[in-house]
Amino acid sequence: MVSLPPDIWAELYVDGAWAPVSGHLRQTSPVTITRGLSSESASAAEPTACECVLDNRAGIYSPRNPRSPLRGKIGRNTPMRLGYEVGSPWAEFDGGLTYNSLFVNDNPALDITGDFDLRIDLALEDWAESQMLALRYVPTSSNESWALEILDGILTFIWSPNGLFASRITRQATEAVKGYHGQRMALRVTLDINTGSGYELRFYTGRTVTDTEWNLLGEPLTGTPATGVYAGSGYMEFGGGFAYNATPAGGSLNRMRGRAYALQLRDGIGGTIKVDMSTRSATPGGTTFVDSTGLTWSRGGDAVLTNRHVRMSGEVPAWPPTRDLSGNDTTVEITPSGVMRRMAAGNKPVDSALLRYIKTHQPVECWPLTDGEQSRVGQSLVGGKPMRQIIASSDTPAVFGKGTLADWIEPVIQILPDVTGAIQGECPVTAGTSAMWSLDFCVRGGGNESAGTFEIYDAGAQSDTDNQAQFRLIFDGNNDLLTLILDMVGESTSSSSLVMAGTPAAIYDEQPHHVRITMDPQASSTLWSVYADGRLIGSGTIPSIVIKAPRVVRFNWGFLSLTGQTMTERGLGYITLWDGTGPSAESVYSALMGFIGEPAGDRIERLAAEAGYVATAAGETSLQEPMGIQGRKTLLDLLNEANSTDMGYLLEARDRNELIHRGHSTLWNQPPAVVLDFSAGLISSPFRPVDDDKLTENDVSVRREYGAVPARQVLEEGELSVQDYPNGVGRYDNEYTYSLATDAQAGHVASMRLHLGTYNGVRYSRITLDLANPRVHQMLDDILRIDCGDKLRLTGLPEDHGPDDVDVLVQGYTEEAGPDAWRITFNCVPAEPWTALVLGSTAYGRLDTGGCVLAEDLTATETDVDVTTTGTRRWVDSATFPDEFPFDVRIGEEVMRVTACTGTTASQTFTVVRAVNGVALTHSAGADVRLATPVYLGL
């Protein structure tokens, strides 16, 4: 039997370090943790929540107790983490230049002279950090075999055919590994040393080193001539090199920072296993262990073998004291929560993407001109002097709070048609009077008669020995031009020169636009550039003049009386001065446009960083959904919006006070995290699967925010179609709004929602496992790894559930560890819809027909099956495509294995093995014939 309660530990972050409080956890009270989505229909994860009780008879955990040693050190939102010390260990490495690794000494098992296949199971603290991963590389003795590194997120493989440095080959993956901080995954490198025309190198990601289906990372890499991997006599290391830790260019490389779980080396691609190391063979705190191939592995340097799981990391919002009736027993019932709780506490909409971006990048000066309608001046964003209007007595001033750049940007100053005026601001005095600077402004409207100037006066003294440079950027909406003129003004002399002749700018319409002027002083001249909407429209050199820092900025507006032309009101804002370290014009324009097209995971990471949080995303960037315009919403709403568009999971990290995003690309075609055999007693009650219409959606409309009319997808035929019973289930319609980059995406999202909403199967919404059950406890290592988005496979189900195995995705979970029970309950949704077509895959590379039926009545034992294809494409025949057999089909509730197929027309005959799933039935002509495991086109 498993003893209860399990070995639970807990720590508070006090005085800059983690302090243990495990001894004060009340063992008589259970610790509960709730994480992820609370139900099938939940649209977003709630903050991670924990409940536990601390013994407080000494008053230690009373923040206001003057005698408490923790007075002034704990309080609202004190960081806390807790977990278990149970199960098998892993190797933990601290990274940096200090040596740490697992290593095995030279052995013939390490020699691979043919095709190379390396697989490692690991978790990195930062997948974008450059570090060594694994190697057999001893450079000082011409014994260089191979090394696997990750450089700025890019897997890099180095190998030598003959052991010499001069002969080594270095190749990098064409796609970065995209994982959240601390994420565990498997990496694989295969090298086909001789393809007939050279070699081929591939990189993969997966879940475990024993995966049969892997995700190709980037493109296969080829080269000539044929190659090989030198065997040599060196030791092999996982985590860092004792003698070698360098980049291909020769710079120092950190050793691995993270956790190591397994390493497998095969002789040939998918060939014989030569090395099969798993830290499950080790003992926590040990120094050596023997793997399944008989090799002895040793802990090197500062590496540690530990089984200390972190199950929850959060913040304690309150310390409520509790006493029993006698007043002698005092406890504190605390509820540490994830960082989302604090994010959700406020309801203030965030600034626009542009304003947030400018704040984050610390301009020298910025006048957003987003002041309220009663304002008379434009306040500085950085605390400088305000901008003030300069108008003639007969003119109407510009109006604050009424101007528009775009719907997703704060109201700015409004310049009315057919008036003249100006607004002027004084820039702060900067130390580097001859350093590079840029001045931006954003504008919308004006029409054909848009006229005026944007003027910049540098810090010159207007003396004959220190002329002042005065730039005039002249607007000409009638001809769609911008012109830049430089006036050099002294005490008694002045000169004028044309810097940029009239240049097309395309900024005189009702769309938001961004303009930038950049000056880069040199020793005796100045380089200049002008940008419009992130595009360079003019550049050159101002000879013999060194431009100083700006001192005054002025925007003048007016109108031209041109017959037949029109002028509209203009919005003006975000006049911003940057130094040479400021962001690019392209980046600021992207912010102005709400970062449209930004990958969903990148948006989550950026939004969190701008607000002072840390978020990291899993799922290759190229597979993330492009986002629409970032609007003015609360931070948490924006984060959930990006997560919803990517159809993934946004959660607090389990082991740190950070956010993680698991993109939809990581959900498709997963191997099961665990296989749970119901007949073996692995699943506990309550176990109440349901077969109802709770998640049904067969008429779905999706609207793109700021976009055109909604895209609509309807299931017109089939068991769950909009037709009335018995031909369907009736109409279940819903409309959604998503942040999408294009209107075309709305159709894709609608198709995906329709696909998920018309899954025709039993729902297993709750799966409970008793971790104290000895049979379940044997699977503890795999169970504790399960996280939101992982797949569970249920086998051995009762006959009334159907004959097949069932796959579910974990949406969230609740775990309880106490003196009477240790259990975890997973909230689940069907996983079968997350099976995607993968070209070239054995398991996922076959498409179903557009329709096929039985051409005859079929007995329960007949093995020649006549079928007729009603769709466009027939089944492959075994004479033409022998390598495509066997495959499984489903007729009714029976799965049959097709070993051969004859006929090259719509009428064909299968040779089958009956009752592959244990069900043998009779079937009538006209019965539907389908692939047993269909695949779908991914989002």
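Modeller: Helices (H or I, at least four residues) and strands (E, at least two) are DSSP runs, numbered from the N terminus, and the chain here has eight helices and 56 strands. This is a predicted model, in which local features need pLDDT of at least 70 and side-chain atom pairs count only at pLDDT 80 or more, while totals for chains, interfaces and linings use all residues. Residues are numbered from 1 along each chain as its sequence is written, and side-chain values use heavy atoms, with hydrogens and water left out.

Colleague: What percentage of the 939 residues in the chain is buried?

Modeller: Buried means under 20% relative accessible area, exposed over 50%, and partly exposed in between, with a 1.4 Å probe and protein chains only; buried residues make up 53% of the 939.

Colleague: How is a pair of aromatic rings described?

Modeller: Such a pair is described by the distance of the centres and the angle of the planes. Rings of Phe, Tyr and Trp (its six-membered ring) pair if their centres lie within 6.5 Å, and planes under 30 degrees apart count as stacked, over 60 as edge-to-face and the rest as tilted. The whole structure holds 26 aromatic pairs. The ring centres of phenylalanine 116 and phenylalanine 157 are 5.4 Å apart with their planes at 35°, so this pair is tilted. It links distant parts of the chain, 41 residues apart, with phenylalanine 116 in strand β7 (residues 116-124) and phenylalanine 157 in strand β10 (residues 154-159).

Colleague: Are phenylalanine 116 and phenylalanine 157 buried or exposed?

Modeller: Phenylalanine 116 counts as buried because its relative accessibility is 1%, and phenylalanine 157 is buried at 0%.
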